[in-house]
Amino acid sequence: MPKKPSPLKALTLKTKITCLVLLLFLCSIWVLTFFISKRLEHEMTVQIEAQQFSIASYIADSIEGQVRLRINSLTAIANMITPELLANPGKLREFLYVRPLLATLFQTGVEVISREGIGIADYPVLQGRAGSSRSELEYFKEVVATGKPVVGKPWIGRFSNKRVISFAVPILNPSGKFIAVLAGYTLLSDPALLGSIGNLAYKDFSDRLTLVSPKYRMIVTGTDQTRIMTPTPEPGVNPLHDKFMAGFEGSGIYVNSRGIRMLSSGKQIPTPGWFVRLGLPTEMAFAPIHSMQNWIYSMALGLSIVSSVLVLLLIRQAMRPLYVANRLIKDITEERLPPQDIPVTQYDEIGQLLTSFNLHLRYRKQVEAEREQFYKFFQASSDLMVIADPNGAFMKTNPTCTEILGYSETELVAKPFIEFIHPEDKQSTLDEMARQLQRGFSLNFENRYICKDGSVKWLSWRATYVKDEGITYATARDITEMKLTEEALHNSEAFIKNILQTVDEGFIVVDRDYRILSANRAYCSSANLSAEQVLGRTCHEISHHLQIPCFETGEECPVRRAFETGDTCIASHTHFLHGGDKRYVEIKAFPVRDTTGNVVSAIETINDITERTLLEDQLRHAQKLESLGTLAGGVAHDFNNILTAIIGYGGMMEMRMAKDDRNIPYIREIIAAADRAAHLTQALLIFSRKQIAEMKQVGINELIEGMRKMILRLIGEDIDTNISISGGKLVVMGDYGQLEQVLMNLATNARDAMPDGGSLSIRTEMHEMDSEFIEIHGFGKQGKYALISVSDTGEGMDETTRERIFEPFFTTKGVGKGTGLGLSIVYGIVKKHNGYINCYSEPGSGTTFKIYLPVVREELVDAEEAVDSPIEGGSETILIADDDDSVRGLTIELLERYGYTVIEARDGAEAVVKFLDHKEKVNLVLLDVIMPKKSGREAFEEIRDIRSDVKILFISGYTEDIIQRKRIIEDQLPFLQKPAKPKELLGKIREILDAKK
């Protein structure tokens, strides 16, 4: 009894296919629906979180701006409060009254509190506020402790009985010492600050937003009015809230104390130290998402039903031709019908099956036709065609074999092919055949055959060994002429290649796909690659390390232009060596044409012009700096003449006023501003390297202390700056402005080396160089030195960079970010002061510069004594020559005021004439260095010829190089640099007149 088939096997093919297709199709629909739903949920969640965080960020930025406005306003007013105002409460109250911005920003008033915590003055005036103590208030304590602006804890105002926020800033005296506190009080309900937060509440959810102070663990305000100024949840109750308290910014989901899932976003507010928390129940936030998911699942269900019906109909229609063909094949097999093609009505798998059956019926007829065609092809082929038995003997040859080799078919058949091969090629042919047969049954080789007439023919063979039959089928082509041509070409190429290999310029040949066909030794050497590593790769890959042609990146490509125009083209490029070094090259491209005149390749020569390019860049850089130096010198001269008039007339006004004149402070401010302008002129001259060094005693500790604020502003708040001054006095002979320039350059370099912040340390100390120190370090002379150490925690330098940092034009900064002159100027100034500078640095370990300046004494002479000493005049006659009317008029008025008789001249020529007229009376000649008609030097030489004992004083606002060219400083003639204060000019004149010959 036959075994009953299983229920699954008993199913028809149609049923099996239908079930399988439906299963796969429905599973695909629901899996795709599920993933689309989840993806949509994720995208919308991200969008909602981003939208909510954006709202929180906007609110935080708005509050930050309002807080900073109030802090900055208080700071600006605090900077205007002087100790004199603090000492007079009435004037202080008037001062506050005329500041209308205070009433706008601080609704419950502002007040000034003494450093002891007692109210001095307030606005508006509230009874009991002035004179009461504030010392117990937290914001007051914090300002006193830190010396910085403070945003206080929200509280119920003592006088307003309303919720307020206190803002407080320190009041400093001119020396930077803390003397009082300026406080302002803003209502929590102020719409400009926090009052508009209540408008963000949802109709069904009041606790939409809260503003929290982590410092005081208090809710400042929020949309839920009942939570204003209430404590925050204890740590551990709400993990997301704890993260916000710790400084986290972003969004997240948590379950609140009422068991409701919440979507919450937090944004920090830096200045007051608060953060904004924006929250919404997930049921409200994600309601659109859930609605969309329900719609998607409904659509998937409908699609599943429709697709199932369509699948059933399609399978039924697709299987119909198979049933028809099955009946027809059965009739042919049982001989009820003659053999015939089965009709094919479709071209799917069923159609392919029926087509294969039809092809089987035609097979016999095709085999006979193919045999006839092969014989005709075998006989008519222009190539040699042979069939060999397992022993290598020819079984069949075509007429071309007998024609080329000269043997008849009878002479060739039944003989091993090895007998016809040239003796020198027999063993190599057998070895090559054996080697190729190990890898497969297809053979390709070349060898020489000996013809019947004794001549030799080169044949190129292609053979296939049929293992089952033991027979080899082979074809061959006569390549004798090609071999002779290749040999001649090879000899010619070898000659040309030997020439190119000796050329020291890079030389390559590239095809139209920019692939390198040939390269000489110089090109491979410049790329640091072997010829095998270069050939076959593109020129832009080797020279530019690019995967696309260089012209697609905007480079000018002479090879491309040679292909397009057929002309020789030239361009300059930047190439990168294998190790990454940059080289500048000049490229020439020459087109190579075929016999029809088409450009098929190009010859490219590469000439390295790196050294020439760098020298040209340095020359242009030097020319630019020289032009800037010339401009700075010209500006300095004109500016010095203007400053001479300002400082001179200002000084004369000060000398004419009584010591208790109330205008004296204004005059002194004018003179001080002019002095600062004079320092600016000196900075211009330092840049142009044309300043005159004013060597005098300089206290290093005092200099650095004077620069402390400037250095702190220059460095920025992200760098921790520590300035440590030695206990003793460090006095050196130097130029104050140039030494300031040294410190500013080193501080700027340290800041640039720490883009992400770090630490800068400046220290001074007394250092004594002994023979042991000099021997170890290789520089110095024995004696005491003021040691200035400037250290940073920046990127550091390797040894190669450290050895070049003092070279002019050398810089590690990017293009446009440095001239390469900063440290070379520092080095020059230190050497000019007979000092030494050394650098210690390692990559990643920061940098330390140490400057050694020789100490001249340990106590600084008080320069104020000389300034305050009585001004001495005289009754002598002075001839003054200056082409600047304002400077000349000022000098005449000053000298006449102090008793001198003055003779004036407008230029050098007039000065000689006036001196000749009064040669016996003139005691001193005051000459400007540069004047029309005759310079000061020329006038001096003529005057000295007239009277050799006359005393001279030169004065000028020009730069050092011009004065040196006039040989004023060189010959050590008395000289005074503009702008000069009246006391300095009078003192210098008195010094020269009183000096003995």
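Helices (H or I, at least four residues) and strands (E, at least two) are DSSP runs, numbered from the N terminus. Axes are lines fitted to C-alpha atoms, for helices over the stretch in contact, and angles run from 0 to 180 degrees between N-to-C directions. With those terms in hand, let us take a walk through the structure.

This is a predicted model, in which local features need pLDDT of at least 70 and side-chain atom pairs count only at pLDDT 80 or more, while totals for chains, interfaces and linings use all residues. Residues are numbered from 1 along each chain as its sequence is written, and side-chain values use heavy atoms, with hydrogens and water left out.

| Helix pair | Angle | Axes | Crossing |
|---|---|---|---|
| α27 (residues 885-897) and α31 (residues 982-994) | about 65° | 11 Å apart | right-handed |
| α21 (residues 700-715) and α22 (residues 736-752) | roughly 40° | within 10 Å | right-handed |

A crossing is left-handed if the near helix is turned anticlockwise from the far one by less than a right angle, and right-handed if clockwise. Contact here means heavy atoms within 4.5 Å.

In the pair α27 and α31, the contact is built from T891, L894 and L895 on α27 together with P982, L985, L986 and I989 on α31. Sorted by class, that contact has six nonpolar, one polar and no charged residues. For this sorting, Ala, Val, Leu, Ile, Met, Phe, Trp, Tyr, Cys and Pro count as nonpolar, Asp, Glu, Lys and Arg as charged, and the others, Gly among them, as polar.

The contact of α21 with α22 divides into 12 nonpolar, one polar and three charged residues. Among them are E702, M707 and L714 of α21, and E740, M744 and R751 of α22.

Next come the strands. Strands of a sheet pair through backbone hydrogen bonds, either parallel or antiparallel. In this report, two strands pair if DSSP finds at least two bridges between them.

Strand β12 (residues 384-388) joins β13 through three antiparallel bridges, and A388 has F394 of β13 as its bridge partner.

## Inside the fold

Strand β29 (residues 877-881) has five of its five residues buried, so it is largely enclosed by the rest of the structure. T877, L879 and A881 point one way from β29, while I878 and I880 point the other way. Five bridges join β29 to strand β30 (residues 901-905), and the two run parallel; L879 stands opposite I903 in β30.

A nonpolar core is a set of buried Ala, Val, Leu, Ile, Met, Phe, Trp, Tyr and Cys residues joined through side-chain atoms within 4.5 Å. The largest one has 46 residues, and I63, V112, L194 and W274 have the most contacts inside it. Helix α2 (residues 13-78) gives the most to this core, with nine residues. A second, separate core of 37 residues includes M754, L760, I851 and L853.

## Two single residues

S166 lies in strand β5 (residues 163-172) and counts as buried at 1% relative accessibility. I36, in helix α2, counts as partly exposed at 42%. I36 and I296 are 260 residues apart in sequence and 8.6 Å apart in space, C-alpha to C-alpha.

Note on methods. Buried means under 20% relative accessible area, exposed over 50%, partly exposed in between (1.4 Å probe, protein chains only).
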